[in-house]
Amino acid sequence: MTGSQRADRDRRRGVAAVLGLGLLTGLGITGTSAAWTDDAWAVAPASAASVDLRGSTDGGATWHAADVATAPLTVDAVTGLVPDTPVTRTVQLWNASTVPVDLTWTAPDEVGCVDVEVRPAATTLDAGPTAAAAGAVTTVDVTFSVPEGTDPAGCAGTAVGPVEIVFHGSPA
């Protein structure tokens, strides 16, 4: 074998060795990659909730949406107000939601010379999506009063109303 043939043979062996090494490296990477990309599955319960607040000013005979500014609960007008003689209107609230809710509300603090007070200030109600049942219903008092010390000539016999109250509920 001549020197040139030996050089060709050594070069072919070198090329074969490099190709073999490349093949082994590629298989190793593929095997490692496959180990990193195995499927994994997890299961967890999930559900959606809806918030639906309703109000009644007639003792619960009829219920109206009470949780949006475009459909506030309207408390009937109050007439003949005089100092030291407050008038209270009772409102029932029903959490017709699928989850318990924390309730707050927005109402004017005063209308003209008349103070408006809503009590209690906030509460939590159980879910009651199918019926206005105990735990899902509460009573709210809206009291109208002419403050002490108000000029009777300027405020006596005052009429107020109707007054709009917006109820806000967030999952408890």
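Mentor: Of the 172 residues of the protein, 23% count as buried. Buried means under 20% relative accessible area, exposed means over 50%, and partly exposed lies in between, with a 1.4 Å probe and protein chains only. The model is predicted, so local features need pLDDT of at least 70 and side-chain atom pairs count only at pLDDT 80 or more, while totals for chains, interfaces and linings use all residues. Residues are numbered from 1 along each chain as its sequence is written, and side-chain values use heavy atoms, without hydrogens or water.

The protein has two helices and twelve strands. Both kinds of element are DSSP runs numbered from the N terminus: helices are H or I with at least four residues, strands are E with at least two. The order from the N terminus is α-β-β-β-β-β-β-β-β-β-β-α-β-β.

Now the cavity. The structure holds one cavity of 30 Å³ or more. A cavity here is a set of points, on a 1 Å grid over the protein atoms alone, where a 1.4 Å probe fits but cannot get out; lining residues have an atom within 4 Å of a point. Grid points are joined across faces, edges and corners, and the volume is the space filled by probe spheres set on the points. For the largest cavity, that volume is about 30 Å³.

The lining consists of L53, R54, L93, W94, N95, L103, L125 and F167. By class, that gives six nonpolar, one polar and one charged. The nonpolar set is Ala, Val, Leu, Ile, Met, Phe, Trp, Tyr, Cys and Pro; Asp, Glu, Lys and Arg are charged; the others, Gly among them, are polar. Two strands, β1 (53-56) and β5 (87-95), each supply at least two lining residues. β5 gives the most, with three.

Take those two strands together. β1 and β5 pair in the antiparallel sense over four bridges. Strands pair if DSSP finds at least two bridges between them. G55 stands opposite L93 in β5. The other link of β5 is with β10 (residues 137-145), antiparallel over eight bridges. There, the bridge partner of L93 is T138. These strands belong to an open sheet of six, in the order β2-β1-β5-β10-β8-β7, with antiparallel pairing. β2 and β7 (110-111) stand at its edges with a single partner strand each, so one side of each has no neighbour in the sheet.

Next, the contacts of W94. The charged end of R54 sits over the ring of W94, 4.9 Å from its centre. The cut-offs are NZ of Lys or CZ of Arg within 6 Å of the ring centre and within 35 degrees of the ring normal. W94 also takes part in ring pairing. There are two aromatic pairs in total. The rule covers rings of Phe, Tyr and Trp (its six-membered ring) with centres within 6.5 Å; planes under 30 degrees apart are stacked, over 60 edge-to-face, and the rest tilted. W63 and W94 have ring centres 5.4 Å apart and planes at 70°, so this pair is edge-to-face. W63 lies in the loop between β1 and β2 (64-65) and W94 in β5, so the pair ties together parts 31 residues apart in sequence. W63 counts as partly exposed because its relative accessibility is 24%. W94 counts as buried, at 8%.

The second pair brings in F167, another lining residue. W105 and F167 are edge-to-face, 5.4 Å centre to centre, with 70° between the planes. W105 lies in β6 (residues 101-106) and F167 in β12 (residues 163-171), so this pair links parts 62 residues apart in sequence. Both W105 and F167 are buried.

β6 and β12 run antiparallel over six bridges, and T106 stands opposite V166 in β12. β12 also pairs with β3 (residues 73-75), antiparallel over three bridges. In β12, the bridge partner of T74 is E164.

Last, the surroundings of L125, which is in the lining. D126 is in the loop between β9 and β10. At 43% relative accessibility, D126 counts as partly exposed. D126 and D102 are 24 residues apart in sequence and 9.1 Å apart in space, C-alpha to C-alpha. The loop between β8 (114-119) and β9 (123-125) holds P120. The peptide bond from R119 to P120 is cis, with omega near 0°. Most peptide bonds are trans.

Key. On a 1 Å grid over the protein atoms alone, a cavity is a set of points where a 1.4 Å probe fits but cannot get out, and a pocket is an open set with protein on both sides within 12 Å along at least five of seven lines; lining residues have an atom within 4 Å of a point.
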